[in-house]
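Please look over the sequence and the structure shown here before reading on. The briefing that follows takes up the ligand surroundings and then a pair of helices.

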Amino acid sequence: MICLTLAEDSIEKAILKVEENREYIDLCELRMDALSPDEMKKAYAFPSLVNIPVILTFRRKIDGGRIEISERSRRLALLDALKGDFSYVDIEEDIKKSEVEDKAREKGIKIIRSLHDFEKVPEDIFSRLYHLSERGDIAKVAVTPKSFQDVLTLFRVEEELRGREKIVIAMGPFGVATRILYKKLGSFLTFCSDSEVAPGQLSAKTLKTEYMADKVNEQTAIYGIIGNPVMHSASPLMHNRGFHAINFNAIYVPFLVDNVRSFFMFAEYVKMRGFSVTVPFKVDVLSYLGNITREVKQIGSCNTVVRVPGMWKGINTDYYGFIKPIVKDIDDGRIKSALVIGAGGASHAIVWALRNYGVKVTILNRTLSRAENIAKLNLCDYDSIENAKKYEGSVDLIVQTTSVGLYPDEDKNPIEGFKFTGNEIVYDIIYKPKMTKLLKEAEKAGCHLHFGSEMLLEQGKLQFEAFTGYHYPHWVDSGL
Ligand code: NAP
């Protein structure tokens, strides 16, 4: 179930939030500690006003609550609210048996016995969860993974406590994947909010419509993208839309990773069938691959990993994703020479692709030695980016592969002052923004343009095929 956390200062605002999200949620949690003192007195009426199951929570300051209040006043406020038709009440693990618990049991309100840790995942998490659930209540842990290894520990909870009703929530940036894959952790609900009440929370709409997190079942295959950072990635939207359109029982999740080894352990544990790889792991994953394609071998970087019998196989779809939008122009002889700006990971794949298609390439880079390395491997020319003007009017294709001009530095152009003749094809692989400063200038000169979003879409379609065995559905808006 998807549960909306309501941390509003009035009942009226909380009701409004429920109405805005009603189509995406199954229940909600009223955080009494966020209500103003006058509004707390009205809390009891809330369940009957929203007409969905409600969890009553009065979080203490030490557990992330909004107000400092004596334990006695908190207990009295909870007791008063329990006059209402709440479905659940949250009581912390260290609170001794009280009138709140007695009243809840008397009224048949289920008790969620909760443990919070904003610092870490406690080492004894399995036994603490076990003890929490011993009294027949719903055990809840909200903890903070500090590494991907901690995330793996949380995915083991279901094996350790199978069959017990529980809520397992990981807070913070490492925890996002657990909020989406809550069902795989054996958690009976996931919390969401419009305003990130707890760190790492997603919106109800994102969980319900983008991830369809509530539709995950035992058979759902897990795919995803590893990176650091990773939350900006457009790939989850694209792949999840594709999966839903062809009724493929799978989910694609962003995984913030700090260590590739722990991710491969996780991938084995949850039996992943494949994942995308982004910065900074495109080289690190190579050591874990039992099989690589010719492109991965040539470029030395891998952006797609798929499961094949007995091992992981590495593919590089950036290579084909880049070349696809311009391959016709190469075949027609319209592109015979190219200037590639930048000599990073993406440039490496692009230079290989252009050279394999017989295009004459000159690489320009700020750090000359990096340009030289790629140029030597590919039998092409190289120069300093400062000399860009030397190449005006002499090439058919200009490819921009540096991160200069990337959001939020949209007013930057790595070859400022470069004069286009209007005959060049200009391809900027940055996809945010779509229209970079360089492309705007090329457009003014009358050049034909290609966008980073084209490359992203094409490489994503190839990943989709590698993951599912199906073409990306042509009728779907990929969001790119
Ligand atoms: P990378 O390996 O870190 O390389 C960065 C490149 O940018 C290097 O050539 C670097 O030059 C240059 N650079 C950075 N800051 C600069 C500055 N201030 N002035 C001049 N040059 C500068 O990154 P990457 O993986 O190749 O990615 C580069 C860009 O491509 C990113 O914006 C990424 O989002 C985009 N990309 C798009 C797609 C797609 O599908 N559309 C796929 C992959 C990558 P030095 O060598 O001198 O540091």
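A polar contact is a pair of N or O atoms within 3.5 Å; within protein, one must be able to donate a hydrogen and the other to accept it, and residues adjacent in sequence count only if both atoms are side-chain atoms. This is a predicted model, in which local features need pLDDT of at least 70 and side-chain atom pairs count only at pLDDT 80 or more, while totals for chains, interfaces and linings use all residues. Residues are numbered from 1 along each chain as its sequence is written, and side-chain values use heavy atoms, with hydrogens and water left out.

- A polar backbone atom of Ile429 is 2.8 Å from a nitrogen atom of the ligand.

**The shell around the ligand**
- Among the 21 residues around the ligand (those with a heavy atom within 4 Å of it), Ala346, Asn365, Thr367, Arg370 and Ile429 come nearest.

**Helices H4 and H5**
- The axes of helix H4 (residues 71-81) and helix H5 (residues 99-107) come within 9 Å and cross at roughly 15°, where axes are lines fitted to C-alpha atoms, for helices over the stretch in contact, and angles run from 0 to 180 degrees between N-to-C directions; helices are DSSP runs (H or I, at least four residues) numbered from the N terminus.
- H4 and H5 are therefore roughly parallel to each other, a term for angles under 35 degrees.

Terms used
Helices (H or I, at least four residues) and strands (E, at least two) are DSSP runs, numbered from the N terminus. Angles under 35 degrees count as roughly parallel, over 145 as roughly antiparallel, 65 to 115 as roughly perpendicular and the rest as oblique.
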